[in-house]
Amino acid sequence: PSKSFHIVHARRSENMPPPPQKAKLHPAAIDNQVMENLLHSSNHKTLLKFLSSELDRIDRKKAQELIESFGKEFNEDMHPSELDVSKIRKMVDKIQQEEFDKPSGSELSPAGEYNLHLGIMKEMRPDMIATNTADVQEVNGHPVLVETAVSLGGRRAKEGITVHRFANRIPMLFQPGADVSYKTANQRIKWKQYRMDKLHHKIGVYVSIVSTKIPYGGPNKEYIGDENESLQKAVATSIMKCCVQLKARLMRSEAMRQQKDRQESLRKYIPHVSRALHGMLQAMMSDGGPRQTTNPTVNKIAQLHGQGEVTELILQQKLRTYIEEADMEQAMAGAQFDEANVVREEIYIPILTTTRKFEREMHSKVGVFKLSKT
């Protein structure tokens, strides 16, 4: 018989990641050689037009401020070809001292939370999953976007923390111990705060880093370096936001489990309690009934028992109803505790454009809605 076989990987999503757009170079990535190459290849006739057109996050006003800071030998109308090596060096030194907005990230093409979520559900079948996309960061002048997901359980999951790493949507398989994602998940996240046991729970951590220049830590490009603090913070913050979502679900699951266990525990005593109550009523009636009292409930129970309407079966039904109603009231009271202690989940409505920049926040009792710029 033939030993050949073929594997079919079914498509899970029809939502393609947005194609990257051409973007200008961020000023933080400029050095003397890069600046010289840009000046020689530019078709702009003035220094003002060159700065405001060739570099990211520099508009006309910012370009005018930069030219003024360069010194008296610079002016807005000078031709870029007039700049020699010493002037280029002075320009780069001044630019590197300035603070600029972070890159827009329009040149990046991340997989997206939607595709990341569907892919993990298809391949791993976890019990719970949460995803998050961090804001675009600037690392060595290049935009970096971090997407993360954290899952619990799964058909092929192992006990402990399993880190899955991706660089520009390509899996990374080697040297995991030196990677920023592995170190962050194993050393910088306090899993107990999120009701997760990193030794016994099956925790899957998925980190996808997208950039125009991935900050690899070695010449073989097998892991992403752990030296940049802003990248460390972006990965850690994104993972923790996923953990906050899972913590809320774990708390709800634990509350439901405790409520179920409490009901089952109380139900075990219903036959014994109802039998004892019925026996007490029979003993009271055989002794001539209860003493006269002003409590209408006691008199009504004695009257109903005398008419045969208070049986052991009826007492069991009443006790079951009371347990269910009491548990329901307790659950509602627990759901209405102080809003300051409520664990909120961030809910994102993804937009189908290449940028994701939020403009304004709308606060309500349900959550915080972030409005994106069109």
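Is D226 buried or exposed, and what is its relative accessibility? D226 counts as buried because its relative accessibility is 12%, and the cut-off for buried is under 20%. Keep in mind that this is a predicted model.

## D226 and its partner

So who does D226 meet? Its side chain joins that of R188 in a salt bridge, with N and O 2.7 Å apart.

Side chains of opposite charge can pair when their charged atoms come close.

The structure holds nine salt bridges. One of them connects D179 and R165, with the closest N and O atoms 3.1 Å apart. Again the pair links distant parts of the chain: look for D179 in the loop between β5 (170–172) and α6 (180–188), and for R165 in strand β4, 14 residues away. Both D179 and R165 are buried.

Now try helix α7, where D261 and R257 both lie, four residues apart, or about one turn of the helix. These two form a salt bridge as well, and the closest N and O atoms are 2.8 Å apart. D261 counts as partly exposed because its relative accessibility is 35%. R257 is partly exposed too, with a relative accessible area of 43%. Elsewhere, K122, E123 and R156 are linked in a network of salt bridges.

## A covered strand

Next, find strand β1, which spans residues 128–133. How many of its six residues are buried? The count is six of six, so the strand is mostly covered. You can check this face by face: M128, A130 and N132 are buried on one side, and I129, T131 and T133 are buried on the other.

What runs alongside β1? Strand β3 (residues 142–152) does: the two strands run antiparallel and are joined by six bridges. If you want one spot to look at, take T131, whose bridge partner in β3 is A149.

Let's move to the inside. In soluble globular proteins, nonpolar side chains tend to be buried together. In this model, the largest nonpolar core has 33 residues, and the ones that touch the most other members are V146, W191, M196, V205, I209, L231 and I239. Several elements contribute: β1, β3, β4, α6, β6 and α7 each supply at least two residues of this core. Which element gives the most? Helix α7 does, with nine residues.

Leaving aside neighbours within four places in sequence, M196 is in contact with L152, W191, H201, I203, C243, L246 and L250. There is also a second, separate core of 22 residues, and its members include L51, I58, I67 and F100.

K247 is placed in helix α7, which covers residues 229–267. Which residues does K247 touch, not counting those up to four places away in sequence? The answer is Q193, Y194 and R195. The C-alpha atoms of K247 and Q193 are separated by 8.5 Å, although the two residues are 54 apart along the chain. K247 counts as partly exposed because its relative accessibility is 23%.

A157 gives you another example, and you'll find this residue in the loop between β3 and β4 (160–167). From C-alpha to C-alpha, A157 and I203 are 7.6 Å apart in space, with a separation of 46 residues in sequence. With a relative accessible area of 22%, A157 is partly exposed.

## A nonpolar patch on the surface

Finally, look at the outside. Where do Y269, V273, L277 and M280 come together? They form a nonpolar patch on the surface, and together they have about 380 Å² of accessible area. V273 is placed in helix α8 (residues 270–286). This valine counts as partly exposed because its relative accessibility is 38%.

Definitions and conventions. Residues numbered from 1 in each chain as written. Predicted model: local features only at pLDDT ≥ 70, side-chain atom pairs only at ≥ 80, totals over all residues. Heavy atoms only, no water. Buried < 20%, exposed > 50% of the residue type's maximum accessible area, 1.4 Å probe, protein only. Pairing = 2+ DSSP bridges. Contact = heavy atoms within 4.5 Å. Patch = residues over 30% accessible without salt bridge, like charges linked within 9 Å, V, L, I, M, F, W, Y side chains within 5 Å. Areas by Shrake-Rupley, 256 points an atom, 1.4 Å probe, with all protein chains shown as cover. Salt bridge = Lys/Arg side-chain N within 4 Å of Asp/Glu carboxyl O. Core = buried A, V, L, I, M, F, W, Y, C linked by side-chain atoms within 4.5 Å.
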